[in-house]
Amino acid sequence: MPHADLVLLHAPSVYDFRRKSILYGPVSDLVPSTPVFEMYPIGFTTIAEYLERQGFRVRIVNLAVRMLNSDRFDPEKLIQKLHPAVFGIDLHWLPHAHGALEVARLCKKYHPDVPVMFGGFSSTYYHEELVRRPEVDFCVRGDSTELPVLRLMQHLTHAPQAPALDEIPNLTWSEPDGTLHVSEITYSPPNLDHVLIDYSYVVRAVARYRDLASFVPFKGWLGYPITAALSVRGCTHNCRTCGGSAAAFAGTHNRRRPAYRAPEDLAQDIRNIARFSKGPVFILGDIRQPGEEYADRFLRAIQGYEGPVIVELFDAADRDFIRRLASAMPNWTLEISLETHSEEVRAAFGRPYKNAPIEDTMRYALEAGVKRLDVFFMIGLPKQDYQSVLDTVDYCEYLMRDLDSGPERHLIPFISPLAPFLDPGSPVFENPERYGYHFFARTLEEHRQALVQPSWKYVLNYETQWLNRDQIVDSTYEAGLRLNRLKAHYGLVEMGQAERTEARIVKARRLIAQVDDIMSLEDEGRRAKLLRAVKPQVDDANVSTVCDKAELNVPLTGLRLNLPRAACFFIEQMIERLWPRTQSDVVSS
Ligand code: SF4
């Protein structure tokens, strides 16, 4: 099997999650991953593809998904067998703080001379703390690291005309004596023209390394191959807890303006993905953010696309726009994060739109034939107290009863806590008192330690002036219980499934109380023993806590992956890659 120049490793949230007893709670109910957060960031594929275009060989190894898929899989043995020139590890989402550092430690244990680099949003925020650790050599910062990673690879592999370390932008490293070097984030491209986001690299690399298992983005992906199409890096909004907000991008990534993918390229990315996958394509970012003209150009370019597409809107839209959306992509699902029923709470969160226009938007979507309308509500918002959370559930009933009253149900509400961590770099994290928040963890090391606490109540890195940690947990379960019953009542989930969800919530509540009792014991040994004893029940309660994860899935029919077409696509790609070289060989000879 060919050796890779760069191996990109994706760690589970907690490295030894298979042995530890941790009641994760509903932290991942609303994302495709399990609580191990096995999905690797989309940046892995853009970096890999970019480097391959420049002649480097890159392999992605999703250790998290392989550990989930088999108890017998030994990540340490696999790391030992890998022999790249450089290891790259993502610490994009902070819940990977434990796993990512442990994987880095193992890389150093078996390959002390192979450099280890980190990247991602959380790495950028904690770059200095990271490179002071013995297991981390470099941190590549910013939201777009394709070029800095290329330059670092050229340096580390002694490529011709390789730059010196201090010539590489966005880089932090430390010398053995502890001297820290931090180069400015000067690489922040104004658009996304330089990346290819159609996963063609993944198809090629799977064939090259004969290792589909390591490239799978999350457990169950082969049965539900959802992919993402990236319209933007950055955001024009400032939701108070979001590490991807305009303020966080400016403060952490030195990005003053969002970088957009050209609308025609975005449409082509989606069509390219459809060549090998029939799963839904999630268009990340509201396509209206760059303005009307962008949305128009995109809708013209994607007109007639029949595959399932998930679109997100960040605020209200008019009827004409919704109609055009429906006409361009008739197999569409709409996602709206309303956050709360309360206009006051929503405004405090940084989304000042009112209920009436967003309800109109939902009506327009339903009348335009949206296949699914997912509406998301959150717990842990500024100015949101316990009663407000329960009032949101009442509002969900109003939406199901009054907005979507036809024989076929399309509007599905979800409620979930902001958990386990509020993002570093977000306005709330940077200025907690101003927004009524209190943090239990600030540094990377504190978050790493929080992750191995025995229940999600202790893992949460925050509480608010209106909801303490106990109340966040309790209101989450109470809201989940009530919403689940309402969904059953309005026919959104089958009675049997609703009963199973209710049983899980009741069990999770009992376990939270049990873990609290165990944690109140002074004898550490006895605490550990009792936590081990409840592990089987904890594991059982860890997936789909307040709703069934399958509720999020867009219904698919027939084959999910088009393997023959993927194979053809792979061959076409190889020919396309070889052809120009053959031509230039002919010319130069
Ligand atoms: S949560 Fe708000 S700030 Fe964050 S990406 Fe979405 S719209 Fe932008």
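1. Both faces of strand β3 are covered: Val86, Gly88 and Asp90 lie on one side, Phe87 and Ile89 lie on the other, and all of them are buried. The strand spans residues 86–90, and five of its five residues are buried. The model under review is a predicted one, and the remarks below should be read accordingly.

2. Which strands pair with β3? Strand β1, made of residues 6–10, pairs with β3 in the parallel sense over four bridges. Within this pairing, leucine 8 has glycine 88 of β3 as its bridge partner. Strand β4, made of residues 116–119, also pairs with β3 in the parallel sense, over four bridges. Here the bridge partner of phenylalanine 87 is valine 116 in β4.

3. Strand β8 covers residues 227–230. Thr227 and Ala229 point one way from β8, while Ala228 and Leu230 point the other way, and all are buried. The parallel partner of β8 is strand β11, residues 281–284, and the two are joined over four bridges. Leucine 230 stands opposite leucine 284 of β11.

4. Helix α10 runs over residues 246–253, and its buried residues are Ala248, Phe249, Ala250, Thr252 and His253. Against what do the buried residues of α10 pack? They pack against α5 (121–125) and β9 (232–233). Just after α10, asparagine 254 takes a positive phi of about 55°.

5. The surroundings of the ligand deserve a separate point. The residues around the ligand are Cys235, His237, Cys239, Cys242, Ser245, Phe314 and Arg351. By class, this shell divides into four nonpolar residues, two polar and one charged.

6. Is threonine 145 buried or exposed? Its relative accessible area is 10%, which is under the 20% cut-off, and therefore threonine 145 counts as buried. Threonine 145 is found in a loop, between β5 (138–140) and α7 (146–156). Leaving aside residues up to four places away in sequence, threonine 145 touches Ile47 and Val140.

7. Valine 345 has its place in helix α14, residues 343–349. Why does valine 345 count as buried? The reason is its relative accessibility of 2%, since buried means under 20%. When residues up to four places away in sequence are not counted, valine 345 touches Thr340, Leu381, Pro382, Lys383, Gln384 and Ser388.

8. The last point concerns empty space inside the model. In general, rolling a probe the size of a water molecule over the atoms shows where empty space is left. How many cavities of 30 Å³ or more does a search of the whole structure find? The search finds three. The largest cavity holds about 80 Å³ of space. Of the 13 residues that line the largest cavity, Tyr24, Val27, Pro420, Leu451 and Val459 are the closest to its centre. The lining of this cavity comprises eleven nonpolar and two polar residues, with no charged residues.

How values were computed. Residues numbered from 1 in each chain as written. Predicted model: local features only at pLDDT ≥ 70, side-chain atom pairs only at ≥ 80, totals over all residues. Heavy atoms only, no water. Buried < 20%, exposed > 50% of the residue type's maximum accessible area, 1.4 Å probe, protein only. Contact = heavy atoms within 4.5 Å. Near = heavy atom within 4 Å. Nonpolar A, V, L, I, M, F, W, Y, C, P; charged D, E, K, R; others polar. Pairing = 2+ DSSP bridges. 1 Å grid on protein atoms, 1.4 Å probe; cavity = no way out; pocket = protein on both sides within 12 Å on 5 of 7 lines; lining within 4 Å. Points joined across faces, edges and corners; volume = space filled by probe spheres on them.
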